[in-house]
Amino acid sequence: MTQLSLRAPVAADYVTLASWIPDAASCLRWAGPKLSFPFTPAQLAEQLSSSAPNAHSIVMSLGHGEALGFAQFWVRQAGTVHLGRIIVAPTARGQGLGLALCRLLMAEASRSRPVQAFTLRVYRDNPAALDIYTGLGFAVVPGLSDDKVLAMRMVPAAPLRGT
């Protein structure tokens, strides 16, 4: 049985990813204000790269198949990795893939660096994502949150370092 895995995105993945973002409001909620909508797949790849130059873009798929999810991570400060732009294919939602993507993403981020904490931001009105993040051990950071977006932080029981 083929397992979920992470890989670097290829051109075809940006075509798929662009199809998951139907409008400007969805783009803003997913990627923040640094991405402009509408975009072509090539523009999306460029904007994702230039808006977070130190970000690692990751695609989740079954083997080397079609993208089922996409996410980025970057180091905010030594020992702290920020997870962002996390999205699962609309046709694959509700199947536990968001949780799988986050777990794989954190493992990947820990592979080449020690990680003492993970951070992320999530809209308050996104209960599915909030359930995933709280289930992983993320907690709200009140001083960094606002009326629309929650800043969250997770400190692993021991610093993570992958192989």
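This briefing looks at a pocket, a helix and a loop serine. The model is predicted, with local features needing pLDDT of at least 70 and side-chain atom pairs counting only at pLDDT 80 or more, while totals for chains, interfaces and linings use all residues. Residues are numbered from 1 along each chain as its sequence is written, and side-chain values use heavy atoms, with hydrogens and water left out. Helices (H or I, at least four residues) and strands (E, at least two) are DSSP runs, numbered from the N terminus.

**The largest pocket**

- The largest pocket comes in at about 1200 Å³, counted as the space filled by probe spheres set on grid points joined across faces, edges and corners.
- A pocket here is an open set of points on a 1 Å grid over the protein atoms alone, where a 1.4 Å probe fits, with protein on both sides within 12 Å along at least five of seven lines; lining residues have an atom within 4 Å of a point.
- Its lining runs to 39 residues, and Arg29, Trp30, Arg85, Ile86 and Arg121 lie nearest the centre.
- Strand 4 gives the largest share of that lining, with seven residues; helix 2 (24-31) and helix 5 (127-135) are among the elements that supply at least two each.
- By type, the lining splits into 23 nonpolar (Ala, Val, Leu, Ile, Met, Phe, Trp, Tyr, Cys and Pro), six charged (Asp, Glu, Lys and Arg) and ten polar residues (the others, Gly among them).

**Helix 2**

- Cys27, Trp30 and Ala31 are the buried residues of helix 2, buried meaning under 20% relative accessible area, exposed over 50% and partly exposed in between (1.4 Å probe, protein chains only).
- They sit on the same side of helix 2, because they cover an arc of only 75° around the axis, taken from the directions from the helix axis to the C-beta atoms.
- These buried residues pack against helix 1 (11-20), helix 3 (41-51), strand 3 and strand 4, with contact meaning heavy atoms within 4.5 Å.
- Ala25, also in helix 2, is exposed at 51% relative accessible area.
- Just after helix 2, Gly32 has a positive phi of about 85°.

**Ser145**

- Ser145 lies in the loop between strand 6 (139-140) and strand 7 (149-154), and is buried at 17% relative accessible area.
- Its side chain reaches the backbone oxygen of Val141 at 2.9 Å and the backbone nitrogen of Ala151 at 2.9 Å.
- Leaving aside residues up to four places away in sequence, Ser145 touches Arg124, Val140, Leu150 and Ala151.

Technical notes. Polar contact = N/O pair within 3.5 Å; in protein donor to acceptor, adjacent residues only side chain to side chain.
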